[in-house]
Amino acid sequence: MPVLKREQARDMGDASGLPKLPVPPLQQTLDMYLKCMNHLIPEEQFRKTKAIVEKFGAPGGMGEFLQKKLMERSDHKANWVNDYWLEDMYLSNRLALPVNSSPVMVFPKQNFKGQSDILRFAAHLISGVLEYKSLIDGRALPVDYARGQLAGTALCMDQYNKVFTSYRLPGPKLDTLVAQKSMVMPEPEHIIVACKNQFFVLDVAINFRRLNEKDLYTQLERIRKMADIEEERLPPIGLLTSDGRTQWAEARSVLIKDSTNRDSLDVIERCLCLVCLDEPSGIELTDTNRASLMLHGGGTDKNGGNRWYDKPMQFVIGADGCCGVVCEHSPFEGIVLVQCTEYLLRYMRGSPSKLVRAASMSELPAPRRLRWKCSPDIQTFLTASADKLQKLAKNLDMNVNKFTGYGKEFIKRQKMSPDAYVQVALQFAFYRCHGRLVSTYESASIRRFQEGRVDNIRSSTPEALAFVKAMANSSKITDAEKMEMLRTAIKAQTNFTILAITGMAIDNHLLGLREIAKELKLEKPELFSDATYATSIQFILSTSQVPTTEEMFCCYGPVVPNGYGACYNPQMDHIIFCVSSFRDSAETCSDLFVKTLEGCLKEMQDLCRKCNTEAKPADSTERREGTPKVMKNGNKS
Ligand code: COA
């Protein structure tokens, strides 16, 4: 196992031995900001912005003052940007969590042979969750180490502690991420099971003994029966959590006036996770449809009300085999979600269901249905939430595509970073579709630092623009020149990646400067009221690499109305792309984007093959030229 790098251990007594996130030099950030924006905005606007930035960064100016304050902040905080970042990225965002914020993992389709099969799967999964939780609690999870660029350094494990203990409480202007403190005498632990839009409390430890799989199965069976009693059904209160955060906060403030509701909310807020037993969706379970169903539950008339979006982990088990996890994003990143779900899938595969061998407790207390008192006001909120979720579901334009032309092995053979290559391909596809480049977000992990989350690799580099223009427009440019431009674009992207993962990217730093000015009640610096800054944080292309080693994929929605969410999962011989956009935007179309991307990847491969002898197919992992490729619809390309 790799050892902790010595330079990492240098810092200030933190138990993890990880260094603190550095505050980048001011001038470096300002220069990079100008370089990142120059080619994305009109010339005249850039001239104005350059003057504003120069004034901000001038000796003795506002920039220097704020930088000094940030350095002081960094002295007395484990991570100088975290609270600013959490608020900006998540807690102040008023949009509904489904589609807009919560990513999902989509499992391979399951083939359940009836109710008992479904409940057996659920009991096995819960058993795995309890195992995993005890590893987290016992600090027994092996430390993660960085792979890929600058591999080998230990990563911060802090995010794992929040997987089963956090809750995102809605607020009128700002949500709160509530973390359950570990106690000397732990509270009895429970899971909430959602079934037919009803919520049931499943205690997973009774009399200090954790329920075995047979107990869990017995309890799930009882829950299923209780959910079937039509006379006892209560309104689908979970729908409220799918609404905009301000609306949900408002509804919640009405809900808690009643003590029954208060008790029910309290139980949900303290649960480990949700297990959502979904009804069959009635639609064909293609990759794309499963992704959409996971993102919004199929809307109000399907399983949209069978959720509680504030809770970080919701395991969805659909009777039709549509399964996965819906994740509230504020406490941790997709990579941690992958680690957890991969553990669970391996657990379920490797440890056979213990239903037969284990003895069930003879007398288990019956699981409890959570009660709700719905005033007419709550009914009104519910109607509005239902309507909005339905619209959100209809508006999502999703396309999940397994690109089988080649995977990261081919790219590595070009001596290129697969991640940088895919990012350049995404820029190429965007340029082909829209004739320009736009501010792009690629998440870069900064878990090499104490309490590190992510920063942004701004992939729409000037070098990428030069390459995509050459590819898209000019036949006068030779292949050798195009290849050189591709190499330059990939180098620029790789360099940005290295800067970002070593804490030297610009987005967190600019956010820090902006927020500390606000905290000090200073007038907003012109840099942050400038139109260029607004453009710089309007992420029309929001991308993220979420690789998996199990058969599953991650996806999420766009972050702006006219944008794309593009999550990719590079494998040895293929790459899964999950592209999302909104149907009501006249500018975007996920199908077109994905088709264009396939073409761009192919053109880039052709270019590599023409210009680089090492790029010729060397093994069977790659399709040979001329072999027809079978498209998703079964046609041959
Ligand atoms: N030649 C040959 N091989 C190369 C290469 C080159 N020039 N450059 C890189 N490679 C190899 C790497 O060694 C690595 O090999 P491995 O598969 O054996 O580990 C592989 O290619 C992948 O490296 P690369 O494509 O460069 O990407 P990466 O793994 O370093 O990932 C980021 C880059 C930015 C995605 C990563 O650093 C990161 O931050 N990931 C987290 C993203 C995240 O948080 N997502 C979730 C958000 S919710």
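This is a predicted model: local features need pLDDT of at least 70, side-chain atom pairs count only at pLDDT 80 or more; totals for chains, interfaces and linings use all residues.
**Entry: α13.** I then looked up burial and found α13 mostly covered, with 14 of its 17 residues buried. Just after α13, I noted that Gly-435 has a positive phi of about 70 degrees.

**Entry: α14 and α15.** I looked up how helix α14 (residues 462-473) packs with helix α15 (residues 479-501): the angle is about 155 degrees and the axes are 8 Å apart. Angles over 145 degrees count as roughly antiparallel, and α14 and α15 are therefore roughly antiparallel to each other. I recorded the crossing of α14 past α15 as left-handed. On the α14 side I listed Glu-463, Ala-464, Ala-466, Phe-467, Ala-470 and Met-471 as making the contact. From α15 the contact takes Lys-482, Met-485, Leu-486, Thr-488, Ala-489 and Ala-492. Sorted by class, this contact of α14 with α15 holds 9 nonpolar, 1 polar and 2 charged residues.

**Entry: α7 and α8.** I turned to helix α7 (residues 245-255) and helix α8 (residues 259-269), which pack at about 130 degrees with axes 9 Å apart. α7 and α8 are therefore oblique to each other. Their contact joins Trp-248, Arg-252 and Leu-255 of α7 with Asn-261, Leu-265 and Glu-269 of α8. I classed the residues of the α7 contact with α8 as 3 nonpolar, 1 polar and 2 charged.

Conventions. Residues are numbered from 1 along each chain as its sequence is written. Side-chain values use heavy atoms; hydrogens and water are left out. Axes are lines fitted to C-alpha atoms, for helices over the stretch in contact, and angles run from 0 to 180 degrees between N-to-C directions. Helices (H or I, at least four residues) and strands (E, at least two) are DSSP runs, numbered from the N terminus. Angles under 35 degrees count as roughly parallel, over 145 as roughly antiparallel, 65 to 115 as roughly perpendicular and the rest as oblique. A crossing is left-handed if the near helix is turned anticlockwise from the far one by less than a right angle, and right-handed if clockwise. Contact means heavy atoms within 4.5 Å. Ala, Val, Leu, Ile, Met, Phe, Trp, Tyr, Cys and Pro count as nonpolar, Asp, Glu, Lys and Arg as charged, and the others, Gly among them, as polar. Buried means under 20% relative accessible area, exposed over 50%, partly exposed in between (1.4 Å probe, protein chains only).
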